[in-house]
Amino acid sequence: MEFNKCSRCGNFYVSNDEVCPKCKTKDTLEFETFKTYIEENGVTNNLDILSTETGISAKNLNRFLGYTGKEVL
């Protein structure tokens, strides 16, 4: 395990996860929302539209896009 900084809230924690234990549930829910949106609508070239329609911040969308290997302009 490593000492990490949470990608969502910035708190430090000890784990191999991308986010701290406090943020894990919300991160999982947002990632599921993101995946569902992409499956139903495809990837849009506008991060602002994707953020508005999903309610997920652009910062987290970029992180999620990194998980899926897709890019949004």
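**Cysteines, salt bridges and the core**

Modeller: A search of the whole structure finds zero disulfides. Please bear in mind throughout that this is a predicted model.

Colleague: Where is the nearest cysteine sulfur to that of Cys9?

Modeller: The general idea is that a disulfide requires two cysteine sulfur atoms within 2.5 Å. For Cys9 the nearest cysteine sulfur belongs to Cys6 and is 3.7 Å away, and Cys9 is in no disulfide. Cys9 is partly exposed, its relative accessible area being 38%.

Colleague: Let us turn to charged side chains. How many salt bridges does the structure hold?

Modeller: One looks for a side-chain nitrogen of Lys or Arg within 4 Å of a carboxyl oxygen of Asp or Glu. The structure holds five such salt bridges. One of them joins Arg8 and Glu30, with an N to O distance of 2.9 Å. This pair links distant parts of the chain, 22 residues apart: Arg8 is in the loop between β1 (3–5) and β2 (12–14), whereas Glu30 is in helix α1.

Colleague: Are Arg8 and Glu30 buried or exposed?

Modeller: Both Arg8 and Glu30 are buried. Asn60 lies in helix α3 (residues 58–68) and is buried, with a relative accessible area of 7%.

Colleague: Which parts of the chain does the salt bridge between Asp27 and Arg63 tie together?

Modeller: The side chains of Asp27 and Arg63 meet at 2.4 Å, N to O. Asp27 is in helix α1 and Arg63 in helix α3, so the pair ties together parts 36 residues apart in sequence. Asp27 is buried at a relative accessible area of 9%, and Arg63 also counts as buried, at 13% relative accessibility. Salt bridges link Arg8, Asp27, Glu30 and Arg63 in a network.

Colleague: I now move to the aromatic rings. How many aromatic pairs does the structure hold?

Modeller: The structure holds four aromatic pairs. A pair is read from two values, the distance between ring centres and the angle between planes. Phe31 and Phe34 form a tilted pair, at 6.0 Å centre to centre and with 35° between the planes. These two residues are separated by about one helical turn, because they are three residues apart in helix α1 (residues 21–41).

Colleague: Why is the pair of Phe34 and Phe64 tilted?

Modeller: The ring centres of Phe34 and Phe64 are 5.8 Å apart and the planes are at 40°, so this pair is tilted. Phe34 lies in helix α1 and Phe64 in helix α3, so the pair ties together parts that are 30 residues apart in sequence. Both Phe34 and Phe64 are buried, and Phe31 is buried as well. Ring pairs link Phe31, Phe34 and Phe64 into a cluster.

Colleague: Which residues make up the largest nonpolar core?

Modeller: The general idea is to join buried nonpolar residues through side-chain atoms within 4.5 Å. The largest core has 10 residues in all: Phe31, Phe34, Tyr37, Ile38, Leu47, Leu50, Ile56, Leu61, Phe64 and Leu65. Helices α1, α2 (47–54) and α3 each supply at least two residues of this core, and α1 gives the most, with four residues.

Colleague: Which residues does the second, separate core include?

Modeller: This core has five residues, among them Cys6, Val19, Cys20 and Cys23.

Key. Residues numbered from 1 in each chain as written. Predicted model: local features only at pLDDT ≥ 70, side-chain atom pairs only at ≥ 80, totals over all residues. Heavy atoms only, no water. Buried < 20%, exposed > 50% of the residue type's maximum accessible area, 1.4 Å probe, protein only. Phe/Tyr/Trp six-rings, centres within 6.5 Å; stacked < 30°, edge-to-face > 60°.
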